[in-house]
Amino acid sequence: MVETIKLSTLAIGASAVVREYPKQGNAFLRLREMGVLPGTTVTLIRTAPMGDPLEIKVRGYNLTLRKTEAEHVLVEPIAPRA
Amino acid sequence: MSTAPTSPGPARAPVYALVGNPNCGKSTLFNALTGLKQKIGNYPGVTVEKKIGTAYSQHGHALTIIDLPGAYSLAARSPDEAVLRDVLLGRRTDTPMPDRIVCIADATNLERNLYLIHQILDLGRPVILVLNMMDVAAQTGLVVRAARLEKELGIPVIPCEAINGKGLVELKLAMSRHDLPLSRHSWEIPAPIAPAVSELAASLVDNDQRGPLIARAEALLLLTDQDTVRVAGSRPLSARTTEILRSWEKRWQGQGTDWAGALVNSRYDAITELCTHVIERSAVKTGASVSDRIDAVVTHPLWGWLVLGGVMAALFLSIFTLAQVPMDWIGDHTAALATWVKHTMPAGDLRDLVTDGAIGGVGSVITFLPQILILFFFIGLLESTGYMARAAFIMDRLMSRVGLNGKSFIPMLSSYACAIPGIMATRTIEDTKDRLVTILVAPLMSCSARLPVYLLLIAALFPSAAVPVGAKVAIMLTMYALGTAGALFFAWLFKRTLLKGEPPLMIMELPPYRLPKMRDVALHMLERAWLFMKRAGTIILGISIILWFLTAYPKAPAGSTDSQQIAQSFAGMAGHALEPVIKPLGFDWQIGIGLISSFAAREVFVSSMGVIFNAESSEENTAPLRDALLAAKWPDGRALFTPLVCITLMVFYVFAMQCMSTIAVVKRETNSWRWPLFQTVYMTGTAWLVCLIIYQTGRALGF
């Protein structure tokens, strides 16, 4: 069974594949257009000094989003390779 | 016979549009193509910059180039993006539809850059694709095969390093071609959506007078663009097309079809497919990039704040030290010019109008210039290096508490130096409402023109040398803190009431750090300064002349002193008329004149007080004026400038809107008199109310 977690709870430095995504809302359409789609691999780089927003790496570039948006994006963590 | 879009007649220079993501090197390319042959203005009715330049083809023919705002998608989220969309779709009445489009893509980040370009290929216009930053791509281990991309898309693809001028000749050659091909790239529109696209496209042709190719592109766009961002100057859709769109949306909603998502997905599928042929990643990936390593420090929980503090300290230090020299120079020379005119022209009203009205007015416009230039130099530097996005990233959490996002931070901070560049810098804020809120509160940040007023009043407050410097500094800092708190409070209030909107997004790219190209930074700085002169200059000059008139007329009998003249002038009358309103704050009519004259610039208060109280004083030595203030009395013999009145007056200067230059800039940036008027009323009203509370409470407590 596939275990999904919220993108906002992903560990710093960990990678994950985006699985589920809200259909409506301006934020999510924009995220999609920026290349964050179901099936895309993202890596959580860091959080801002005060813990929000988050910085992720997606398709080779760095993108920020707020925790309130990341909470609605479900991802499947990729086990770190040994 | 009308000319086909692909082969413009010799009578008119073909119009090229320059399109690309933010941070793809578009401005550098635009500057390289056009040199200084640029015209900067505004799209009528919207505050989006319109940049048009002229380049010359390899054969010496003139080419018109429109530099469109950077965007990630044709589906608009901001006025900038709406203008891009509307120009490309030919929806704007004030701008011709471009004949050809030059797309610029950052080769280091091709997939995301291609999203916008993929949408543009649908438009059915000839497109040239420029792959910029090929050198950086090679350094990071990416091999981008331009020839293969050219073959896949069927349009010219030109590898380029805009920053070194490499690839420019090839680009100009391509732009000189008469027979630019259309893209032959095709992609699959998801089956449930395809019939809607056809129906919408047909309706666009029949009811909205679109060409068949562009109709299909616009139909696709209507499905991802909720059309929430409408800007003035663009034609609305016909009722029939809107009706078709709504009925499809309703049907899909019923079926649970995620139409917008499906479209974006299939576009990205097509792009990913393209990229597998075009991009080769060399096997070795050498850990963290330079940018990642810089960010590890710059966005570090501890070092990040220190770096931010250091950058801001450097900014303010250079404004206060570097700007002072040219400002003094400008002040001296306008004064010298006025003196010269006084000696050469015959005495009379015309002479006074020239010296005191016109020269004084022009002087007050250009004394702002050094500060504005330095601030815009820094802002340009921060933007082109990539640090600006980091500052927004760090400050977002704090700004979100008042309902704004990190992008409002730099404009608000710049306003500590001067609200004018701060307000002009709000153009980077995408959301219209957030931008307006930032403009409305920015002048509450204590600007440098308030400093001389604070200094004079603090001197009057503590005339004895025995008072420790610490107390004076503490009062000064309190005034700055009060202004900042006011700005944050009103931002919070406006976001909750007047300009209620969705919480702003913070979906923002953190571009890789790059060395700034000084020529672009300098051009950006000069552009801004020119815009300020052009937009605000005439209004400021006009108000200066009115203010001069108010203090110079009606004339006092010959032989009167300056202070007698001002006392019986219109300004003096206004001061008297104002007295009942400001008496509850402890101010008399003479302070009233000072408040009115502050509209020229707040520091004018100091010189007005000098004239009114007959005290010779200079910036270096305020002691004579201070003593004159302390000697001033109400008619009944009470002291006028009591400590309580000094404090109250300082607080008035913290909150009141008294700067005509700011009003002029807000008028230009919001495109109406409504917002600057509202701003003047709410700020000055707050000043009055807060001062009333302070003064009356102080009196009740026996001060």
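Lys6(A) faces Leu74(A), a residue of β6(A). The strand β1(A) pairs with strand β6 (residues 74–77) of chain A in the antiparallel sense, over 2 bridges. Strands (E, at least two residues) and helices (H or I, at least four) are DSSP runs, numbered from the N terminus, and two strands pair if DSSP finds at least two bridges between them.

This is a predicted model, in which local features need pLDDT of at least 70 and side-chain atom pairs count only at pLDDT 80 or more, while totals for chains, interfaces and linings use all residues. Residues are numbered from 1 along each chain as its sequence is written, and chains are lettered from A and ligands numbered from 1 in the order in which they are written.

The pair β1(A) and β6(A) belongs to an open sheet of 7 strands with antiparallel pairing, in the order β1(A)-β6(A)-β2(A)-β3(A)-β4(A)-β5(A)-β10(B). β1 (5–6) of chain A and β10 of chain B stand at the edges with a single partner strand each, so one side of each has no neighbour in the sheet. Where do the two chains meet within this sheet? Strand β5 (residues 61–65) of chain A pairs antiparallel with β10(B) over 3 bridges. Across that pairing, Thr64(A) is opposite Met508(B), which belongs to β10(B). A helix of chain B also takes part: α16(B) lies across β4 and β5 of chain A together with β10 of chain B, and runs at about 120° to β10(B). For such angles, axes are lines fitted to C-alpha atoms, for helices over the stretch in contact, and the angles run from 0 to 180 degrees between N-to-C directions.

Two residues are in contact if their C-beta atoms, placed from the backbone, lie within 7 Å.

Chain A itself has 2 helices and 6 strands, arranged from the N terminus as β-β-α-β-β-β-α-β. The C-alpha trace of chain A spans about 40 × 35 × 20 Å along its principal axes. Its radius of gyration is 12 Å, which agrees with the value near 12 Å for a compact globule of 82 residues; this radius is taken over C-alpha atoms, and the globule rule is 2.2 Å times the number of residues to the power 0.38. Of the 82 residues of chain A, 40% count as buried. A residue is buried if 20 or more other C-beta atoms lie within 10 Å of its own, exposed if 12 or fewer, and partly exposed in between, with C-beta atoms placed from the backbone. Among contacts in chain A between residues at least 6 apart in sequence, 54% join residues at least 24 apart.

Chain B is divided into domain 1 (15–176), domain 2 (194–281) and domain 3 (287–322 + 368–703), with bounds that come from an automatic or database domain assignment. The centres of domain 2 of chain B and domain 3 of chain B, taken over C-alpha atoms, are 46 Å apart.

Two hairpins follow one another in chain B. Strand β2 (residues 38–42) of chain B runs antiparallel to strand β3 (residues 49–56) of chain B, joined by 5 bridges, and Lys39(B) is opposite Ile52(B) in β3(B). The hairpin of β2(B) and β3(B) has 6 residues between the strands, and Gly45(B) in the turn has a positive phi of about 85°. β3(B) also pairs antiparallel with strand β4 (residues 62–67) of chain B over 6 bridges. In that hairpin 5 residues separate the strands, and Gly60(B) takes a positive phi near 85°.

Some backbone details remain. Most residues other than glycine have a negative phi, and most peptide bonds are trans. Met133(B), not a glycine, has a positive phi of about 60°; Met133(B) counts as buried because 27 C-beta neighbours lie inside 10 Å. Asn671(B) likewise has a positive phi, of about 65°, but is partly exposed, with 14 other C-beta atoms within 10 Å. A cis peptide bond joins Asp52(A) and Pro53(A), with omega about -5°, and Pro53(A) sits in the loop between β3 (41–47) and β4 (54–58) of chain A. In chain B, Tyr553(B) and Pro554(B) are joined by a cis peptide bond with omega about -15°.
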